[in-house]
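Please keep the sequence and the structure in view while reading.

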Amino acid sequence: MEEELKGMVEDLQVLKGSLATLEKRVQNVTSLAKTTPTRRSKVKDMSSEVIDSNPYSRLMALQRMGIVENYEQIRDFSVAIVGVGGVGSVAAEMLTRCGIGRLLLYDYDTVELANMNRLFFRPEQVGMTKTDAAVHTLSEINPDVVLESYTMNITTVKGFETFTESLQNKKFSTSKHGTGVDLVLSCVDNYEARMAVNQACNELGQTWMESGVSEDAVSGHIQLLVPGETACFACAPPLVVASGVDERTLKREGVCAASLPTTMGVVAGLLVQNTLKYLLGFGQVSPYLGYNSLKDFFPTMEMKPNPQCSNSACLNRQKEYILAKPARDASAKAKMEAEASSQTEGPLHLDNEWNISVVDDSEIEGSTSNKSDALPEGLVRELPISDNYENKMIPVETNAVTDDLDYLRKQLDALNAD
């Protein structure tokens, strides 16, 4: 009986602590809401109309210029961002400004003054959870985006379960194939969290992108991971992890990693750029893209899955990919043949305002030049034709020349006689 009472007391204390945390979060959000300026109203449909009050006119211009076939479909996509830090917060803002349909944010940390060297967060948000601060800022930027925040650590058992369940939630789009999100973006700063994202995506068959910035803040990378098709994060682990060293032992008291908003902004930009290409189907998505700010070097590479990967879910996805390869190749071949047969040769430009026509050189070879030399009726040439000029001999009056010579000779003889 006493043990049960002790357990109840402990549970009550935990609940009190949770209530205190929730009250603090509510107070922070309420204080910010009082100072929030008036938000713009929601826009029902994206429009390409070029007016100052249209927040999507410059985005819809991509469709008019032929870069994107249908930009408005971006509202149908859901993207999950794990880690709302230096890269994740900027990526979330970019996607929000691009008009993404639904954004899921995961982080367990709070905003500190030490975060002010980065982009996005503001001093008045210190003490708030990063997810609450992000939702507050992003909802001001674009109220059309559906925002979901999860303040939790996905590396814990309960956090991992909540993470996988939220990814499978299809309330936003019930007809969506697979999971409830189209892409997961990993913007975390430790190996343990990356492995948690890797495990969840391998189990669900979820495509995701990994990103990171080096400890010295002068380089970074992004990577596309398709379960079964490309290497997962366990297929080729970092050297430190592969050597059996616990990364938590590498951290020293009073020493922190460097952080540059420039490098994080570049990596976030590359991450979101490839996210848009993947979702909207334009350009080429980079399988791996590195960034070295010291030399402005951008290395790229492809990473195939490891047949001896330690992750069992990855091995299962590899088998599924190999079994589906014949059907996938046949479908791709049929699609290429259909596109080739549907393409008919025709004029490149249908409009021909100046009635310009092109004639094959072989059609005019052998034709006489007289046709080209002919003049319209009523016109005559003032000068002779150049081709016939040398053939015409100019007549010379020989008699007149001879008489002139005799006359001059007589004059010379008369002068000499004198």
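Val 226 lies in the loop between strand 6 and helix 7 (239-242), where helices (H or I, at least four residues) and strands (E, at least two) are DSSP runs numbered from the N terminus. Because its relative accessibility is 18%, Val 226 counts as buried; buried means under 20% relative accessible area, exposed over 50%, and partly exposed in between, with a 1.4 Å probe and protein chains only. The C-alpha atoms of Val 226 and Gln 206 are separated by 7.2 Å, with the two residues 20 residues apart along the chain.

The model is a predicted one, in which local features need pLDDT of at least 70 and side-chain atom pairs count only at pLDDT 80 or more, while totals for chains, interfaces and linings use all residues. Residues are numbered from 1 along each chain as its sequence is written, and side-chain values use heavy atoms, with hydrogens and water left out.

Most residues other than glycine have a negative phi. Ala 217, although not a glycine, has a positive phi of about 65 degrees, and Asp 296, also not a glycine, has a positive phi of about 50 degrees. Ala 217 is found in the loop between strand 5 (208-213) and strand 6, whereas Asp 296 is placed in the loop between strand 7 (288-292) and helix 9.

| Residue | Relative accessibility | Class |
|---|---|---|
| Ala 217 | 2% | buried |
| Asp 296 | 56% | exposed |
| Ile 67 | 44% | partly exposed |

Ile 67 lies in the loop between helix 2 (57-64) and strand 1 (78-82).

A pocket here is an open set of points, on a 1 Å grid over the protein atoms alone, where a 1.4 Å probe fits, with protein on both sides within 12 Å along at least five of seven lines, and lining residues have an atom within 4 Å of a point. The lining of this pocket holds 20 residues, of which Glu 229, Thr 230, Met 303, Lys 304 and Pro 305 lie nearest its centre. Strand 6 (219-225) and helix 9 (312-323) each supply at least two residues of the lining, and helix 9 gives the most, with 3 residues.
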